[in-house]
Amino acid sequence: MIKAEEVYKIGRIGKPHGVKGEVSMSFSDDVFDRVEADYLVLEIEGILVPFFMEEYRFHGEETALVKFCDIDTQEQARQLTGSNVFFPHHLSDSDAESVTWAEIIGWTVRNSNDGEVAGKIQHVDDSTINTLFEVVTPDGREVLIPASDDLIAGIDHDRHEISLAIPEGIMGLE
């Protein structure tokens, strides 16, 4: 059985494309194209299930058309619509030097100034020039923390943890 901590979200299945079982998939990380991966993991009724890919092709910068094995009709493809798509950490091409924004969702942020846990990354907002981590603190507050390279003190890939030199006063903002 695939566990949630073994994968990270890279996209979502959209509508069927055609009548032969192909689906559209919007993605935030094209890791499935950069590495040798035979399968993607879909969340079906709360269960993480591997789906082997027959083929895929890009249909824009953030969309791919995917044909999964044994999904051969439009009706079968329609049953996948809305499913979240995940990728296994162990197949990822990231390392201690480079991880993708999609991969760090759910990682712990530790304040390198005092060693305390600041929270978990809920979202990465890279829509502006200043990328921000949206972090949920242990007491449930949402805090925006700059994701500047200058503030990143360390990345522990095995523990899914990022150490940040969080500027004074940031944790008190809401």
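With which residue does Asp-139 form a salt bridge, and how far apart are the closest N and O atoms?

Solution. The structure is a predicted model, in which local features need pLDDT of at least 70 and side-chain atom pairs count only at pLDDT 80 or more, while totals for chains, interfaces and linings use all residues. Residues are numbered from 1 along each chain as its sequence is written, and side-chain values use heavy atoms, with hydrogens and water left out. A salt bridge is a side-chain nitrogen of Lys or Arg within 4 Å of a carboxyl oxygen of Asp or Glu. The partner of Asp-139 is Arg-141, and the closest N and O atoms of the two are 3.3 Å apart. Asp-139 counts as exposed because its relative accessibility is 57%, and Arg-141, at 22%, counts as partly exposed.

**Exercise: a network**

Which residues are linked to Asp-29 in a network of salt bridges?

Solution. Start from the total, which is nine salt bridges in the structure. The network joins Asp-29 with Asp-30 and Arg-34. Within this group, the side chains of Asp-29 and Arg-34 meet at 3.1 Å, N to O. Asp-29 is buried, with a relative accessible area of 4%, whereas Arg-34 is partly exposed, with a value of 37%. Side chains of opposite charge can pair when their charged atoms come close.

Solution. Strands are DSSP runs (E, at least two residues) and helices are DSSP runs (H or I, at least four residues), both numbered from the N terminus. The side chains of Lys-67 and Glu-54 meet in a salt bridge with an N to O distance of 3.4 Å. Lys-67 lies in strand E5 (residues 63-68) and Glu-54 in strand E4 (residues 47-58), so the pair ties together parts that are 13 residues apart in sequence. Lys-67 counts as buried at 8% relative accessibility, while Glu-54, at 46%, counts as partly exposed.

Which strands stand at the edges of the open sheet of six strands?

Solution. Write down the order, E10-E9-E8-E7-E12-E11, in which the pairing is mixed. Strand E10 (142-146) and strand E11 (152-156) stand at the edges with a single partner strand each, so one side of each is left without a neighbour in the sheet. Inside the order, strand E8 (residues 117-125) pairs with strand E9 (residues 132-136) in the antiparallel sense over five bridges, and His-123 has Glu-134 in E9 as its bridge partner.

**Exercise: the largest pocket**

Which residues lie nearest the centre of the largest pocket?

Solution. On a 1 Å grid over the protein atoms alone, a pocket is an open set of points where a 1.4 Å probe fits, with protein on both sides within 12 Å along at least five of seven lines, and lining residues have an atom within 4 Å of a point. The largest pocket is lined by 15 residues, and those nearest its centre are Ser-28, Trp-101, Ala-102, His-123 and Val-124. Strand E1 (7-17) and E8 are the elements that give two or more residues to this lining.

**Exercise: the whole chain**

How many helices and strands does the chain have?

Solution. The secondary structure comes to two helices and twelve strands, and along the sequence they follow the pattern β-β-α-β-β-β-α-β-β-β-β-β-β-β. The C-alpha trace spans about 55 × 30 × 30 Å along its principal axes, and buried residues make up 39% of the 174 residues in the chain.

How values were computed:
Two strands pair if DSSP finds at least two bridges between them. Buried means under 20% relative accessible area, exposed over 50%, partly exposed in between (1.4 Å probe, protein chains only).
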